[in-house]
Amino acid sequence: MNGQDTGADEAEAPVTEVLPLDAWHRARGGRMVEFAGYWMPVQYEGIIAEHTWTRESAGLFDVSHMGQLFISGEGVEAALEAVLPIDLATLKPYGPRYSLLLDDEGGILDDLMVTRWTEGFYLVVNGATKWDDLGHLREALPDAVTINHLEDSALLALQGPLAFAALDRVVSGEYPLSALTFMKGGQFKLAGVDAWISRSGYTGEDGFEISIPAEAAAAVADLLRAQPEVKPIGLGARDSLRLEAGLPLYGHDLSPETSPVEADLTFGINKRRRAEGGFPGATRILAELANGAPRKRVGLKLEGRQAAREGALVFAGNEQVGVLTSGGFSPTLNHPIAMAYVTAAQAAPGTALEIELRGKRLPAVVVPMPFVPHRYHR
């Protein structure tokens, strides 16, 4: 030995993974950044232009970093109900529903979509948490239940008021695309391959999420991009769109320190489960449902043009009453907006607060969310 540190005991730096459409994005001028362990496009022609295009036409998003899981086997329904606060008896086939993965203290480990398929349940979980989610589910679910990670599938989102027109032109199936209303899905064909399509998304606009074989991702993306309504959209506009829609982002607005009641996500806890409990964290969550949570996720409208970002402190007079979890300039509203957790006493719409930014206080007021009305096709 020469006395030098070989580095053998040091943790290896994580490798940034490549998604199926990596070359496709780069060839179209996508500016790539590391996100959730993957290279992903943050923008193409500019965040504001892409944001506006999605609000007015149709934006194509690559969300293949998300985890797609298929859970099946004997007793799968009861097993899933033991880990999710959902009443699966009310879940009709091919109708996605929002739910939550919770820890024993009622903290949010992830938010997800769950759909009943013929032989089991299809889950879409967040990209940054999918490996932890898989580990948690494998530990929590019985051996008779099988978890398949659909690693050979890509996931695209087509969002905006003209998304239907663009997709309807190129899709085929047993029934027309128009049969899908918000939070309904089905099996279709796109570019000659099988595609699971649901009328859902995370922009507040009408739109679709499309699961396809990874090997067909470029062909499907080309087919959609060839439609005059469609342009590729990056992570930057995806974030500003979901913020305007008042939709929380895991790892920012949601975390294990956050309960569903604090986060205003109690619609993800079904009526029967509220009555019966029997899910992780039920003791805390049912108590907060009955008595109120000590803090609450709220929307804030900021005065002036200066945006505030995650981590900025929120004050009522000289008292710190909360912290920002998301913030930015709203291209649609033309002023800064933010989400924050504030004490319950300061959470009512119309409450005047201040946000500390680089030693200065910016006036803000609590406003209802969404900031921009949802335009889902119901």
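Modeller: Let's start with how elements are named: helices (H or I, at least four residues) and strands (E, at least two) are DSSP runs, numbered from the N terminus. The model here is predicted, so local features need pLDDT of at least 70 and side-chain atom pairs count only at pLDDT 80 or more, while totals for chains, interfaces and linings use all residues. Residues are numbered from 1 along each chain as its sequence is written, and side-chain values use heavy atoms, leaving out hydrogens and water.

Biologist: How many helices and strands does the protein chain have?

Modeller: Nine helices and 20 strands.

Biologist: Where does histidine 65 lie, and is histidine 65 buried or exposed?

Modeller: Buried means under 20% relative accessible area, exposed over 50%, and partly exposed in between (1.4 Å probe, protein chains only). Histidine 65 sits in the loop between β3 (58-62) and β4 (67-73), yet its relative accessible area of 3% makes it buried. Across the chain, 54% of the 378 residues are buried.

Biologist: Which residues does histidine 65 touch?

Modeller: Contact means heavy atoms within 4.5 Å. Leaving aside residues up to four places away in sequence, the partners of histidine 65 include Leu19, Phe35, Tyr38, Met40 and Arg238. Arg238 is one of the buried residues of helix α7. In α7 (residues 235-244), nine of the 10 residues are buried, and their cover includes β1 (31-35), β2 (38-43), α2 (47-56), β3, β17 (319-330) and β18 (335-343).

Biologist: Which residues of α9 are buried?

Modeller: The general idea first: an α-helix has 3.6 residues a turn, so residues three or four places apart point the same way. In α9 (residues 282-291), Ala282, Ile285 and Glu288 are buried. Seen down the axis, the buried residues fall within an arc of 135 degrees (from the directions between the helix axis and the C-beta atoms), so they line one face of α9. That face packs against β5 (97-102), while Thr283, Ala290 and Asn291 on the other side are exposed. Glycine 292 follows α9 with a positive phi near 95 degrees.

Biologist: What does valine 342 touch?

Modeller: Valine 342 lies in β18 and is buried at 1% relative accessibility. Not counting residues up to four places away, its contacts include Pro294, Val298, Val314, Val321 and Leu353. In the whole chain, 65% of contacts with a separation of 6 or more join residues 24 or more positions apart.

Biologist: Which peptide bond is cis, and where is phi positive in a residue other than glycine?

Modeller: Most residues other than glycine have a negative phi, and most peptide bonds are trans. Here a cis bond joins methionine 369 and proline 370, with omega about 5 degrees; proline 370 belongs to the segment after β20 (360-367). Asparagine 334 has a positive phi near 65 degrees in the loop between β17 and β18, and is partly exposed at 44% relative accessible area. Methionine 183 also has a phi near 65 degrees, in the loop between β10 (171-173) and β11 (185-190).
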